[in-house]
Amino acid sequence: MNVKNIILAFVLALTGAAVAVAGVDNVAEEVAWVVGDTPIWKSDIEEMYQQMLYEKVPINGDPYCVIPEQMAIEKLYLHQAELDTIEASENMVMQQVDAQLNYYVMSLGSREKVEQIFNKSMPQLRESLHDMVANRSKVQQVQAALTKKISTTPQDVRRYFSKLPTDSVPYVPLKVEVQILKAMPAIPREEIDNVKARLRDYADRVTRGESDFSTLAILYSQDPGSGARGGELGFMGRGQLVPEFASVAFNLSDPKKVSKIVETEFGYHIIQLIEKRGDRVNVRHILLRPNVAEADLMDAVTRLDSLSTDIKAAKVGFEEAVAVISQDKDTRNNRGVMVNEQTGDSRFEMSQLPPEIARTVSTMEPGEVSKAFIMKDPKTNQDVVAIVKLTRRIDGHKANLSDDYQLVKNLYENSRRQEILEEWLDKKINETYVRIDDEWRNCDFTHKGWIKTGR
């Protein structure tokens, strides 16, 4: 699910909890469905539909059939969660709520804009998000409990794959496995001292009351995400921040003071406390990065080019060089092997690689080591120099068990999960009292048991 769909999902869940929308008269007390002893209000359905129209979200079918059925399914899962005494972790819920509120503020520019768009105060929005996230967690836990006993054997996978229609066998695009060695260009001591001097000046100006921290962040911070918001990060748990930053941020106690200078992989920071809330903290920061001179960058290229030549001449092994020289902490202790964060394995589609790496490996053969090249580090957005080794190239093809066993296994397990959940829902619907108002019954529902003869 991409970022736009995620935010729309939150919007829809929030609007579904509202009382009524403008232009909808006398529907707040009218019930469209009853599931068990829980009503689904017409106003809930109507407001969600209006919001989907506003956001241009595609609806697969009649909205007055699709939307209430989905609401009813959620209520069945929540009822089961109540029977099984399943609870959502309050800490997890609050972290997700804070993360979503932070995302709204980042996307829309200010808290005031968020309140205007959602027509709710921040506390009201927080409460709505809390209920939505908690319910989603409970539904997921029920689904996990229902499908936890799935066991998969190679025979199951082979049988599943053999029965897949030819046009249902997925096409697997070209994928590559890559090892990388990164080196940071040398930064003169004077440049680091200059960055620290600027940060100390900003801190002094805030302490003397001459400048507002948030104004300085807007003007000077090199963090594109938080700079426009006055450096505010929003509520974060310790694990969401790099350790050096978290250590200082969580030890701040006076919102009027500014921290000492903190060095992280992103650069140098000063931090100001906004608020602490349990095991989460909201701070502002100003980030400055030392400038890398062109000469220092080219010197790093020359050094890695020389290393690449030695590796090709078998004077040193690639993995050996990575262990000694690479400054990429994510791959240094893994022989330089890059791991795809989207899949958790070492295979990448070309579009999933940083563009500089994709361009480099596109013309390489397996086992080949590249010349040195300059790239933007995806995490820090700083210029670094790298060499890569193309470990394996898997050409695009129709999925097969030899090359794509894990993919086929995942397809099989997802299919089994879906079957189990569909069977459970059909049984649950049959056992549950459901009443649908006459105006809402003429639907081609996904599940056929909602309307029961004689009810």
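Student: What should I know before we start?

Tutor: This is a predicted model, where local features need pLDDT of at least 70, side-chain atom pairs count only at pLDDT 80 or more, and totals for chains, interfaces and linings use all residues. Residues are numbered from 1 along each chain as its sequence is written, and side-chain values use heavy atoms, with hydrogens and water left out.

Student: What makes β1 and β2 a pair of strands?

Tutor: Strands are DSSP runs of E with at least two residues, helices are runs of H or I with at least four, and both are numbered from the N terminus. Two strands pair if DSSP finds at least two bridges between them. Strand β1 (residues 31–35) and strand β2 (residues 38–41) have four bridges, in the antiparallel sense, so they count as paired. V34 stands opposite P39 in β2, and in the hairpin G36 takes a positive phi near 65°.

Student: How do you know that β6 pairs with β7?

Tutor: Three bridges join β6 to strand β7 (residues 267–277), and the two run antiparallel. One of the details here is that V262 has H269 in β7 as its bridge partner.

Student: Why are β5 and β6 at the edges of their sheet?

Tutor: The open sheet of four strands has the order β5-β8-β7-β6. β5 (236–237) and β6 (262–264) each have a single partner strand, so one side of each is left without a neighbour in the sheet. Helix α4 (residues 90–108) packs on this sheet, touching β5, β7 and β8 (280–288); contact means heavy atoms within 4.5 Å.

Student: Why are α7 and α15 called roughly perpendicular?

Tutor: Axes are lines fitted to C-alpha atoms, for helices over the stretch in contact, and angles run from 0 to 180 degrees between N-to-C directions. Angles under 35 degrees count as roughly parallel, over 145 as roughly antiparallel, 65 to 115 as roughly perpendicular and the rest as oblique. Helix α7 (residues 154–163) and helix α15 (residues 401–431) pack at about 90°, with their axes 9 Å apart, and are therefore roughly perpendicular.

Student: What makes α6 and α15 roughly perpendicular as well?

Tutor: Helix α6 (residues 122–147) and α15 pack at an angle of about 105°, with axes 10 Å apart. The angle falls within 65 to 115, so α6 and α15 are roughly perpendicular too. Q143, L146 and T147 in α6 meet R417, I420, L421 and W424 in α15.

Student: Which residues lie nearest the centre of the second largest pocket?

Tutor: They are E265, D328, D377, K379 and T380, out of 37 lining residues. The volume of this second largest pocket is about 1,100 Å³.

Technical notes:
On a 1 Å grid over the protein atoms alone, a cavity is a set of points where a 1.4 Å probe fits but cannot get out, and a pocket is an open set with protein on both sides within 12 Å along at least five of seven lines; lining residues have an atom within 4 Å of a point. Grid points are joined across faces, edges and corners, and a volume is the space filled by probe spheres set on the points.
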